[in-house]
Amino acid sequence: MICQTVTLSPYENATLTSICITNTAELKQAPRRAVIVCPGGGYHFLSDREAEPIATQFLAAGFATFILRYTVEEGAKDYAPLCEAALAIRYVREHAEEFNVDPDYVFICGFSAGGHLAASSGVLWDIPEVRAVLGDAPRGIGKPTGMVLSYPVITAGELAHKGSIHNLCGTKTPTEAEADRFSLEKHVDATTSPAFIWHTFDDQIVPVQNSLMFAEALTAVGVPFEMHIFPKGPHGLSLCNEQTGMLSPHTECWMELAIRWLKDFT
């Protein structure tokens, strides 16, 4: 097992932890697809429930897995988490041989605010701030192959999760223009990564319209996606089972569906 944590310089508070099966002469594994997990927490904290329990499920399904612990609170402004996500994707690709990863298949999975970060990495992958932190690396090295978005924060508008947007803007009173930088449905284009999206209809923290607006934006530019809207379940379900402390048996199948989407992705 390869279990190591690296700091994503120049961001001192951002780390990437690998949880990967060591390839040996006996195992003779083909290169695996990779999933980078971004826990939620409103860009205020990072949820343990949406970190290791998620990564180990993907590991058991045959993926190389990684956990991105990105900068939150005051440090989250100026696109810092997005730049950290790009650096994490770049790191996995540049160390693909070490981790036995297929660099053409590096996915990102996020929950709530982590879903916003995962979606940002697939939408805003080529903005000047990201290009600057990646330096002379090949264009697109920090763009995910695809995104798994779990009850994601998407919009900075009327239906926004205000706390997430305020932390990203660095103020509780952002101007409309400042907030719109993080309203992802407004920035989707034909280069956006494909997505797997799931949400619950009665989510009271991040309204389901966040996912619906994102799906509508993807449709408008011809980017493929799979989406599941489950009728019941509160925000923050994670695995929806005893392991993560919130039970929602009808919704628990999301992980199986996401794994199938990742494996079938071409």
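Which residues make a nonpolar surface patch of about 290 Å²? The answer is F201, L212 and I229. The model here is a predicted one, in which local features need pLDDT of at least 70 and side-chain atom pairs count only at pLDDT 80 or more, while totals for chains, interfaces and linings use all residues. Residues are numbered from 1 along each chain as its sequence is written, and side-chain values use heavy atoms, with hydrogens and water left out.

**The surface patch**

- Patches are built from residues with over 30% relative accessible area and no salt bridge, joining like charges within 9 Å and nonpolar side chains (Val, Leu, Ile, Met, Phe, Trp, Tyr) within 5 Å.
- Accessible areas come from the Shrake-Rupley method with a 1.4 Å probe, and for residues only the protein chains shown count as cover.
- One of the patch members, L212, sits in helix α8, which covers residues 209–221.
- L212 counts as partly exposed because its relative accessibility is 39% (buried means under 20% relative accessible area, exposed over 50%, and partly exposed in between, with a 1.4 Å probe and protein chains only).

**A buried cysteine**

- Look for C109 in strand β5, residues 101–111; helices (H or I, at least four residues) and strands (E, at least two) are DSSP runs, numbered from the N terminus.
- C109 has 0% relative accessibility, so this residue counts as buried.
- Beyond its neighbours within four places in sequence, C109 is in contact with V35, I36, V37, C38, I54, F58, A118 and V148 (contact means heavy atoms within 4.5 Å).
- Between C109 and C83, which are 26 residues apart along the chain, the C-alpha separation is 16 Å.

**Salt bridges**

- There are 5 salt bridges, each being a side-chain nitrogen of Lys or Arg within 4 Å of a carboxyl oxygen of Asp or Glu.
- R139 pairs with D126, and their closest N and O atoms are 2.7 Å apart.
- R139 lies in the loop between α5 (128–134) and β6 (147–150), and D126 in the loop between α4 (113–123) and α5, so this pair ties together parts that are 13 residues apart in sequence.
- R139 is exposed at 64%, whereas D126 is partly exposed at 21%.
- A network of salt bridges links D126, R131 and R139.
- D180 forms a salt bridge with K186, with 3.1 Å between the closest N and O atoms.
- D264 and R260 also form a salt bridge, at 3.4 Å between the closest N and O atoms.
- D264 and R260 are separated by about one helical turn because they are 4 residues apart in helix α9, residues 254–264.
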